[in-house]
Amino acid sequence: MTISYVAADGKRSNRINLPIVLTSFNAPMALSSVDWNQRWGSLSNPDQEVMETFDTNVSDINALKNMVGNVMKFGLVENSGANDLLGDLSAPIDSNTVMGCSQLRTGALNQSGEKINVGSLIKAEFNPMTRNARITIRTIYPAASQALMTTAKQLMGVKKEDLL
């Protein structure tokens, strides 16, 4: 959608991609797998993580990479090998796992008048046999983690009545 208006300095036009969802405000971040693992491990409090497994309309790992990287706007982390372990040592990374990092630009201001950005990490695992996804999201703010999960589920085809 394009919005046109007249401002003090002249006529302006802005293009807005629809639909506008929470991840529209993500700024992808590039991290190495080592840096991602370190940040993942530092967000280890249970209230900083949301994990859910659900049926998805994602057809394969390439579609999942596209969803996480291009649609949800997370910078994808390249796996440096199948023996990489997550910071929590829960499971090895395999070819059906996508990891990403972003900053959620909230637009809110802190007490110093600076804009608040929320660092966000995602681990998306795809099971090609059952066509379901296990998504894990970690942020410092529990509400942000939950909101990102709800958006991920919407984008991956979960029905509105099954979101919460």
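Which residues of helix 1 are buried? In this predicted model, helix 1 spans residues 33-42, and Ser-33, Trp-36, Asn-37 and Trp-40 are the buried ones. Because these residues cover an arc of only 100° around the axis, they lie on the same side of helix 1. On the other side of the helix, Val-34, Gln-38 and Ser-42 are exposed. The cover over the buried residues of helix 1 includes several strands, which are listed here with their residue ranges.

| Element covering helix 1 | Residues |
|---|---|
| Strand 4 | 49-55 |
| Strand 5 | 75-77 |
| Strand 6 | 97-109 |
| Strand 7 | 115-127 |
| Strand 8 | 132-139 |

The largest nonpolar core has 21 residues, and those that touch the most other members are Leu-64, Val-68, Met-72, Ile-122, Ile-135 and Met-156. At least two residues of this core come from each of strand 4, helix 2 (61-71), strand 7, strand 8 and helix 3 (142-155), and helix 2 gives the most, with four residues. Leaving aside residues up to four places away in sequence, Met-156 touches a set of residues that includes Phe-54, Val-58, Leu-64, Met-67, Met-72 and Ile-135. A second, separate core consists of nine residues, among them Met-29, Met-99, Cys-101 and Leu-121.

Strand 4 also holds Glu-52, which counts as partly exposed because its relative accessibility is 23%. Although Glu-52 and Lys-153 are 101 residues apart in sequence, their C-alpha atoms are 9.1 Å apart in space, and the two side chains make a polar contact at 2.7 Å. Beyond residues up to four places away in sequence, the contacts of Glu-52 include Ala-133, Arg-134, Ile-135, Gln-146 and Met-149.

Key
Residues are numbered from 1 along each chain as its sequence is written. This is a predicted model: local features need pLDDT of at least 70, side-chain atom pairs count only at pLDDT 80 or more; totals for chains, interfaces and linings use all residues. Side-chain values use heavy atoms; hydrogens and water are left out. Buried means under 20% relative accessible area, exposed over 50%, partly exposed in between (1.4 Å probe, protein chains only). The arc is that of the directions from the helix axis to the C-beta atoms. Contact means heavy atoms within 4.5 Å. A nonpolar core is a set of buried Ala, Val, Leu, Ile, Met, Phe, Trp, Tyr and Cys residues joined through side-chain atoms within 4.5 Å. A polar contact is a pair of N or O atoms within 3.5 Å; within protein, one must be able to donate a hydrogen and the other to accept it, and residues adjacent in sequence count only if both atoms are side-chain atoms.
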